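Reader: I would like to go through this model with you, one part at a time. Could we begin once it is on the screen?

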Amino acid sequence: MYISIKHIRGAMAWKRVAAKGSIKSGKSSDFRVNGKRITVINNGGWYAVDAMCVHQEKPITAGKIEGDVIECPHHFWHYNYKTGELLDYLKDIKLETFKVEERDDGIYLDV
Ligand code: FES
């Protein structure tokens with residue numbers, strides 16, 4: 001029996017979401033892909049995490065970035081954007097993370 005890699009990985013696939021160079025170093029931007037709102041961060045590498053804060057389901061995208069942490073701009077909860085882990089108030093809460101790459105022709109998300 002043949003099973004494609006896409007099926008094993010839950011049908012994720014790389015999608016171009018933005019032009020190369022459109023997210024400056026130290027900045028973030030968000031994208032809606034396959035019904036998900038995803039924050040993409042360019043900060044010494046490329047990272048992507050579910051954009052919606054678990055506190056009140058507002059986007060974290062415009063939050064302050066320091067080190068590996070993004071601060072939700074609404075009530076200042078903090079997340080490690082590399083792991084998705086919420087760093088304050090509640091234990092064992094993680095936002096979903098995604099692979100992201102900047103290629104010659106754009107920024108791609110694996111969603
Ligand atoms: S919505 Fe993010 S901290 Fe409240």
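Author: A definition comes before anything else: helices (H or I, at least four residues) and strands (E, at least two) are DSSP runs, numbered from the N terminus. This is a predicted model, in which local features need pLDDT of at least 70, side-chain atom pairs count only at pLDDT 80 or more, and totals for chains, interfaces and linings use all residues. Residues are numbered from 1 along each chain as its sequence is written.

Reader: What is the span of residues 15–109 made of, and how far apart are its end C-alpha atoms?

Author: The span is 45% strand and 0% helix, and its end C-alpha atoms lie 5 Å apart. An unreviewed UniProt entry annotates residues 15–109 as "domain: Rieske". UniProt positions follow the numbering used here, feature names are shortened, and annotations may be inferred rather than shown by experiment.

Reader: How many helices and strands does the protein chain have?

Author: The protein chain has one helix and nine strands. Read from the N terminus, the order of elements is α-β-β-β-β-β-β-β-β-β.

Reader: And the overall dimensions?

Author: The C-alpha atoms of the protein chain fill a box of roughly 50 × 35 × 20 Å along the principal axes.

Reader: Turning to the sheets, in which order do the six strands run?

Author: The order is E1-E9-E8-E4-E3-E2, in an open sheet with antiparallel pairing. Two strands pair if DSSP finds at least two bridges between them. Strand E1 (14–18) and E2 stand at the edges with a single partner strand each, so one side of each is left without a neighbour in the sheet. From one strand to the next, the twist averages 30°. For such angles, axes are lines fitted to C-alpha atoms, for helices over the stretch in contact, and angles run from 0 to 180 degrees between N-to-C directions.

Reader: Which bridges hold the E1 side?

Author: Four bridges pair E1 with strand E9 (residues 106–110) in the antiparallel sense. Ala18 has Ile107 in E9 as its bridge partner, and Lys15 stands opposite Leu109 in E9. E9 is also joined to strand E8 (residues 97–103), antiparallel, by five bridges. Lys99 stands opposite Asp110 in E9, and a hairpin joins E8 to E9 through two residues.

Reader: What share of the residues is buried?

Author: Buried residues make up 28% of the 111 residues in the protein chain. A residue is buried if 20 or more other C-beta atoms lie within 10 Å of its own, exposed if 12 or fewer, and partly exposed in between, with C-beta atoms placed from the backbone.

Reader: Which residues touch the most other members of the largest nonpolar core?

Author: They are Val40, Ala48, Tyr79, Val100 and Leu109, in a core of 24 residues. E3, strand E4 (46–50) and E9 are the elements giving two or more residues to this core. A nonpolar core is a set of buried Ala, Val, Leu, Ile, Met, Phe, Trp, Tyr and Cys residues joined through C-beta atoms within 7 Å.

Reader: What does Leu109 touch?

Author: Not counting residues up to four places away in sequence, Leu109 touches Lys15, Val17, Phe31, Val33, Ile38, Val40, Ala48, Phe98 and Val100. Contact requires C-beta atoms, placed from the backbone, to lie within 7 Å.

Reader: Lastly, is Glu57 buried or exposed?

Author: Glu57 is exposed, with 10 other C-beta atoms within 10 Å. Glu57 lies in the loop between E4 and E5 and has a positive phi of about 55°, although it is not a glycine. Asp92, in the loop between E7 and E8, has a positive phi of about 60° and is not a glycine either. Asp92 counts as exposed, with 6 C-beta neighbours inside 10 Å.

Terms used
Contact = placed C-beta atoms within 7 Å.
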